[in-house]
Amino acid sequence: MNSAADIWASVVPLLKHELTDTAISTWFVGVRALEMDGNRLVITHPEAFKANIIRTRYLDLLKKTLYELFAADIDIIVLTPEEAAKYQSRGPAENANILMGSEEYTFDRFVVGNSNKFAYNAARAVADAPGKSYNPLFLYGESGLGKTHLLYAIFHAIQRSHPEFEIIYIKGDEFTNELNEAIRLHSTDAFRQKYRDKDLLLVDDIQFIAGKDATQEEFFNTFNNLYEAGKQIVLTSDRPPSEMNRLEDRLRTRFEWGLMADIQPPDYETRCAIIKDKAILLGLNMPPDIIEYIAHNITSNVRQLEGSLKKLMAYRDLLGDDLDDVTASRAIRELIQSADELTPSAEIILDETAKFYGLDAKVLLGSSRKANIVLARQVSMFIVRSMTNMSLPEMGKFYGMHHTTVMHSVEKIETALKTDKGLSDIIKDIKANINSRTY
């Protein structure tokens with residue numbers, strides 16, 4: 001599967017396992033894949049109404065289906081015809097603005113509570129006076145608590161108040177991938193101009209640049225260039241700079257120059273307010289007892305709250321079920337497992353290890369004996385062994401090799417960890433990235 005069209009052609013048959021023929025013919029006939037850009041699939045529908053339905057009702061299902069295909073998290077962007085026309089007429093640097101999400105992700109749609117009020121107010125201050133209030137603004141917290149929502153909200157607010165601003169959004173791992181490609185194509189000057197000639201730089205998941213020497217060097221210079229020019233920088237991460245073990249001290253210092261704001265899991269009242277707000281957005285009439293039931297059972301993650309509502313909508317629309325306690329219990333059954341029951345899959349571990357080393361996850365399942373690939377493969381085996389309940393034979397089957405080879409690889413990392421502090425920090429960072437995906 002090389003083209004976006006090929007990928008979408010593989011997605012549709014898998015949707016038939018989850019949706020009725022009527023649902024597929026109603027909402028997905030006419031969908032066209034525009035581009036597969038790194039870990040992001042961009043699709044469009046010729047009818048704006050149906051594009052918005054797919055965006056609000058079926059995004060989680062599409063992401064789940066793409067995960068089944070790639071054994072990795074793939075973002076999916078759904079564009080209306082108007083957005084698609086803009087996307088196809090503009091270059092990659094400008095398209096980041098189109099892909100910043102719909103108007104759903106604004107300050108008005110962000111539910112404020114005790115757990116996120118400080119971060120919200122800081123983001124509003126930056127949006128009101130970019131480059132003057134807090135620079136950089138560093139938002140951190142566990143996955144699914146609203147960091148990216150605030151990042152998008154800043155984008156939308158500044159775009160409205162300063163339409164002349166050049167704004168760019170990038171994820172930490174994508175910054176690394178773009179830099180590597182620029183080095184390969186001898187186009188680093190164009191790469192630098194793309195990021196340094198902007199009024200607002202938004203970087204999501206900045207933790208992924210830690211431990212990558214060339215990326216950190218490039219980002220250090222980009223940061224300095226923008227900061228000295230009085231341009232606003234906003235960064236998000238799943239942890240504070242002090243806990244990024246492989247981050248260079250000079251970058252850690254700069255990330256702490258401005259304002260750091262953490263976001264904690266929402267309290268009960270805030271969870272209820274989030275559920276009400278999301279239900280209105282999705283067109284669900286939620287009885288108070290169902291809102292309270294969900295708020296009591298899903299306690300740590302905003303995305304899980306929204307996911308439970310979308311499941312309720314699916315049960316109502318596709319099965320004709322009433323919104324009652326039984327239906328709510330079915331909808332959130334998989335989301336309310338206790339933390340000690342949540343174990344990362346070998347696929348997630350493999351993906352995060354490969355991402356850290358700048359490799360394709362499939363390479364780690366191959367037979368390459370290149371030193372960097374062998375090390376990454378062995379590290380992934382060590383982490384699988386330490387974070388999951390997989391037996392050595394099961395791991396051997398997963399990696400396509402004899403279980404004794406897996407055992408020797410694990411033992412080799414265990415021995416190296418006794419003397420190699422750098423390797424220990426790498427594994428801590430990779431485990432932190434894995435934990436941010438399993439909540």
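Which residue follows α11, and is its phi positive or negative?

A: G230 follows α11, and its phi is positive, near 75 degrees. This is a predicted model, where local features need pLDDT of at least 70, side-chain atom pairs count only at pLDDT 80 or more, and totals for chains, interfaces and linings use all residues. Residues are numbered from 1 along each chain as its sequence is written, and side-chain values use heavy atoms, without hydrogens or water.

Start with the helix itself. Helix α11 covers residues 213–228, which is 16 residues. Helices here are DSSP runs of H or I with at least four residues, strands are runs of E with at least two, and both are numbered from the N terminus. Why does the length of α11 make sense? At 1.5 Å a residue, α11 should span 22 Å, and its end C-alpha atoms lie 23 Å apart, so the two agree. The expected span is 1.5 Å times one less than the number of residues.

Now look at what α11 hides. T215, Q216, E218, F219, F220, T222, F223, N224 and L226 are buried in α11. Buried means under 20% relative accessible area, exposed means over 50%, and partly exposed lies in between, with a 1.4 Å probe and protein chains only. An α-helix has 3.6 residues a turn, so residues three or four places apart point the same way.

What covers these buried residues? The cover includes three helices: α9 (172–184), α10 (188–196) and α12 (249–255). It also includes the strands β6 (200–204) and β7 (232–237). Then, past the end of α11, comes G230 with its positive phi.

Step back to the whole chain. The chain holds 22 helices and eight strands. Of its 439 residues, 49% are buried. Take the contacts between residues at least 6 apart in sequence: 72% of them join residues at least 24 apart. Contact means heavy atoms within 4.5 Å.

T80 sits in the loop between β3 (75–79) and α5 (81–89). T80 is buried, with a relative accessible area of 9%. Leaving aside neighbours within four places in sequence, T80 is in contact with T44, H45, A48, A51, N52 and R55. T80 and N52 are 28 residues apart in sequence, yet 7.3 Å apart in space, C-alpha to C-alpha.
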